[in-house]
Amino acid sequence: MRWKKEFESRHAPLDLEHRKIFDLINKCEQQIQQRATLESLESVLRDIRRCVDNHFAWEEGLMAEIGFPDIEAHRVLHKMLLASLKDRMQEMPFCSLTPDALLELMTNWFATHTSQDDKELASCLRSSQAG
């Protein structure tokens with residue numbers, strides 16, 4: 001996956017967080033392309049899940065700090081994604097989900113999260129810094 005301008009929020013700390021996730025997803029993609037062992041792939045997936053979990057906690061802290069109006073809806077999105085990611089990761093050893101399908105899930109989520117879900121948050125963060 002290549003970084004796209006639409007992933008950028010114009011809020012440097014948020015973009016840095018998103019870059020960390022992006023880099024881990026790319027690491028996962030490389031592992032899949034290199035046909036890495038299941039153990040190696042699971043290790044990267046755990047890193048992704050941990051990074052996403054930390055990112056969401058950080059993001060929700062920012063939202064609370066600035067009084068973000070849609071904080072509860074955003075929290076629900078976060079919980080749904082984490083649950084979905086955990087479920088999909090548990091399916092992998094049983095071959096009910098291919099690594100490529102999991103990668104597609106993560107890349108689609110990442111693109112939606114950065115280019116749509118976080119746009120309003122980024123705007124509110126920039127406004128709170130300006131004011």
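I began at the end of α2, where Gly67, just after the helix, takes a positive phi of about 70°; helices here are DSSP runs of H or I with at least four residues, numbered from the N terminus. The model is predicted, so I kept in mind that local features need pLDDT of at least 70 and side-chain atom pairs pLDDT 80 or more, while totals for chains, interfaces and linings use all residues. Residues are numbered from 1 along each chain as its sequence is written, and side-chain values use heavy atoms, with hydrogens and water left out.

I then looked up the length of α2: its 29 residues should span 42 Å at 1.5 Å a residue, and its end C-alpha atoms are 42 Å apart, which agrees. The expected span is 1.5 Å times one less than the number of residues. For α1, residues 12-33, I noted 22 residues and a reach of 31 Å from first C-alpha to last, close to the expected 32 Å.

Next I looked at how α2 (residues 38-66) meets α4 (residues 99-117), and found that their axes come within 13 Å and cross at roughly 20°; axes are lines fitted to C-alpha atoms over the stretch in contact, with angles from 0 to 180 degrees between N-to-C directions. That makes α2 roughly parallel to α4, a term for angles under 35 degrees. The contact (heavy atoms within 4.5 Å) is made by Leu41, Leu45, Ile48, Val52, His55, Phe56 and Glu59 of α2, and by Pro99, Leu102, Met106, Trp109 and His113 of α4. By class I recorded nine nonpolar, two polar and one charged residues, where Ala, Val, Leu, Ile, Met, Phe, Trp, Tyr, Cys and Pro count as nonpolar, Asp, Glu, Lys and Arg as charged, and the others, Gly among them, as polar.

I also checked burial, which means under 20% relative accessible area, with exposed over 50% (1.4 Å probe, protein chains only). In α2 the buried residues include Leu41, Leu45, Ile48, Val52, His55, Phe56 and Glu59. In α4, where Thr107 lies, I found Thr107 buried at 17%, and Thr107 touches Met1 and Ile25, not counting residues up to four places away in sequence. Ile25 is itself among the buried residues of α1.

Last, I returned to phi, since most residues other than glycine have a negative value. Arg35, in the loop between α1 and α2, has a positive phi of about 55° although it is not a glycine, and is exposed at 76%. Arg10, in the segment before α1, has a positive phi near 70° and is exposed at 65%.

Key: Helices (H or I, at least four residues) and strands (E, at least two) are DSSP runs, numbered from the N terminus. Angles under 35 degrees count as roughly parallel, over 145 as roughly antiparallel, 65 to 115 as roughly perpendicular and the rest as oblique.
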